Amino acid sequence: MRPESRSVKSRIVIPAKHMSTKLAASTFEDLEVYQVAREFRKAMYRVAKELPDIEKFSLASQMRRAALSLTNNIAEGHGRYHYLDQIKFTLQSRGSLEELIEDLNTCEDEQYPPVNRVPRLKQKGWRLRQLTDGYIRYLREQKKSEASSSAGEASPLYGDMASIDNDSRFSM
């Protein structure tokens, strides 16, 4: 591939304080809920690495899967065009978060090595739960305020077919 033909990934970061309810994040990485979830996922991976060998293929493995599900579902939901799909995936993410908080309870009950950090991690988890609930409320409000049930780009394939004639994407 020639250097001049490579596309450069651009990322627009919109500070949360400047976002209006009508302005959506351009990528899932711009969402505050994703950013906080990503940090929580990294913390849970560290916990999983510290667990005793007896938990290597059970609790540690389960924690890694739930932590990955936490961020994956936010990202996948953001990529969906319908608010109901976005909400569904965010609810799945929230379920994974609660599973991780229960895993922290198990660490505490079993006195596993990161036991001294469990209260702080649970506090971060519950804060993430608040952000997740806020994001779900935001999506529900957007669904109510929009005439269409689509959260993504309007497609001429579903609208006025005459507009396709003037769309360079469809011309040869």
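Modeller: In what follows, a residue is buried under 20% relative accessible area, exposed over 50% and partly exposed in between, with a 1.4 Å probe and protein chains only. This is a predicted model, in which local features need pLDDT of at least 70 and side-chain atom pairs count only at pLDDT 80 or more, whereas totals for chains, interfaces and linings use all residues. Residues are numbered from 1 along each chain as its sequence is written, and side-chain values use heavy atoms, with hydrogens and water left out.

The expected span of a helix is 1.5 Å times one less than its number of residues. For the 28 residues of H4 this gives 40 Å, in agreement with the 40 Å between its end C-alpha atoms.

The buried residues of H4 include Leu121, Gly125, Leu128, Leu131, Asp133, Tyr135, Ile136 and Leu139. They pack against H1, H2 and H3, where contact means heavy atoms within 4.5 Å. A nonpolar core is a set of buried Ala, Val, Leu, Ile, Met, Phe, Trp, Tyr and Cys residues joined through side-chain atoms within 4.5 Å. The largest one has 32 residues, of which Phe40, Met63 and Leu100 touch the most other members. H1 supplies the largest share, eight residues.

Aromatic pairs come next: rings of Phe, Tyr and Trp (its six-membered ring) pair if their centres lie within 6.5 Å, and planes under 30 degrees apart count as stacked, over 60 as edge-to-face and the rest as tilted. The count comes to two such pairs. Phe28 and Tyr34 are edge-to-face, at 4.9 Å centre to centre and 85 degrees between the planes; Tyr34 is buried at 9% relative accessibility. Tyr135 and Tyr138 are stacked, with centres 6.4 Å apart and 15 degrees between the planes. These two tyrosines, Tyr135 and Tyr138, are three residues apart in H4, about one helical turn. An α-helix has 3.6 residues a turn, so residues three or four places apart point the same way. Tyr135 is buried at 10%, whereas Tyr138 is partly exposed at 26%.

As for charged side chains, a salt bridge is a side-chain nitrogen of Lys or Arg within 4 Å of a carboxyl oxygen of Asp or Glu. Seven are found in the whole structure. Arg94 and Asp133 meet at 2.7 Å, N to O; because Arg94 lies in H3 and Asp133 in H4, this pair ties together parts 39 residues apart in sequence. Arg94 is partly exposed, at 24%. Asp133 also forms a salt bridge with Arg129, the closest N and O atoms being 2.9 Å apart. Arg129 and Asp133 are four residues apart in H4, about one helical turn, and Arg129 is partly exposed at 21%. Glu141 forms a salt bridge with Lys144, at 3.6 Å between the closest N and O atoms. Both lie in H4, three residues apart; Glu141 is partly exposed at 45% and Lys144 exposed at 65%. Through shared partners, Arg94, Glu98, Arg129 and Asp133 are joined into one network of salt bridges.
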